[in-house]
Amino acid sequence: MTGPKIEEASRDDIDRRIWRLLRDAGFREPPVNVTQVLDCLKLDRSFYDLNDPTFLRSVGHKVKVGIRTLRRIAHKINLRALLLFDDKQVILAKDLPQKKHEWAYAHEAGHGVIPW
């Protein structure tokens, strides 16, 4: 199964942005150390708990939704990771298995590199 088609100009733009990031992080070719890339982007890493009212209040305030609405949305879409642009922070669900952390961090960092 393949995903949606992407225009060549968009694909080229993404390639340029990613290669610039990898070069800035000190990589000339794979393999890539995700921690080094996150450090280059100056992204903080932490965990969240949907049962923590402090977390829900802070994120709810940023996205301007109520705590119950935020919790319902997060559960409905099975939110496992999130990039908080203003805080330059990637947060992962505290129950996300360790073997999935690197992929989730890389995915969220990609949202910060690609502007759309």
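Predicted model: local features only at pLDDT ≥ 70, side-chain atom pairs only at ≥ 80, totals over all residues.
Figure 1. The buried positions of α5 are H101, A104, Y105, E108, A109 and V113. With its 13 residues, α5 extends 18 Å between its first and last C-alpha, close to the 18 Å expected at 1.5 Å a residue. Helix α5 comprises residues 101-113.

Figure 2. Helix α1 runs over residues 8-24 and contains 17 residues. Its first and last C-alpha lie 24 Å apart, close to the 24 Å expected at 1.5 Å a residue. Buried in this helix are D13, I14, L21 and L22. They cover an arc of only 165° around the axis, which places them on the same side of α1. An α-helix has 3.6 residues a turn, so residues three or four places apart point the same way. The cover over the buried residues of α1 includes α2 (34-40) and α5. E8 and A9, by contrast, are exposed on the other side of the helix. After α1 comes G26, with a positive phi near 95°.

Figure 3. D15 is a residue of helix α1. Its relative accessibility is 39%, and D15 therefore counts as partly exposed, since that class lies between the 20% limit for buried and the 50% limit for exposed residues. Although 99 residues separate D15 from I114 in sequence, their C-alpha atoms are 9.8 Å apart in space.

**Figure 4. Strand β3 between its partners β1 and β2.** Strand β1 (residues 44-48) and β3 run parallel and are joined by five bridges. Strand β2 (residues 81-84) is antiparallel to β3 (residues 89-93), and four bridges connect the two. I91 of β3 is the bridge partner of S46 and also that of L82. A81 has L92 as its bridge partner in β3. Five of the five residues of β3 are buried, so this strand is largely enclosed by the rest of the structure.

**Figure 5. The hairpin of β2 and β3.** Four residues lie between the two strands of this hairpin. K88 adopts a positive phi there, near 50°.

**Figure 6. S46 in strand β1.** S46 belongs to strand β1. At 19% relative accessibility S46 counts as buried, because the limit for that class is under 20%. Leaving aside residues up to four places away in sequence, S46 touches Q89, V90, I91, L92 and Y105. Of these contacts, I91 is also the bridge partner of S46 in β3, and Y105 is one of the buried residues of α5.

**Figure 7. L92 and the largest nonpolar core.** The largest nonpolar core has 29 residues, and those touching the most other members are V37, L41, L43, Y48, F55 and L92. At least two residues of this core come from each of α1, α2, α3 (53-63), α4 (67-76), β2, β3 and α5. In soluble globular proteins, nonpolar side chains tend to be buried together. Residues up to four places away in sequence aside, L92 is in contact with S46, F47, Y48, R80, A81, H101, A104 and Y105. Among these, A81 is paired with L92 through a bridge, while H101, A104 and Y105 are buried residues of α5.

**Figure 8. The whole chain, as context for the close-up views.** The chain contains five helices and three strands, arranged along the sequence as α-α-β-α-α-β-β-α. It has 116 residues, of which 32% count as buried. Of the contacts with a separation of 6 or more, 54% are between residues 24 or more positions apart. The accessible surface amounts to about 8600 Å², and carbon and sulfur atoms account for 54% of it.

Notes:
Residues numbered from 1 in each chain as written. Heavy atoms only, no water. Pairing = 2+ DSSP bridges. Expected span 1.5 Å × (residues − 1). Buried < 20%, exposed > 50% of the residue type's maximum accessible area, 1.4 Å probe, protein only. Arc of directions from axis to C-beta. Contact = heavy atoms within 4.5 Å. Core = buried A, V, L, I, M, F, W, Y, C linked by side-chain atoms within 4.5 Å. Areas by Shrake-Rupley, 256 points an atom, 1.4 Å probe, with all protein chains shown as cover.
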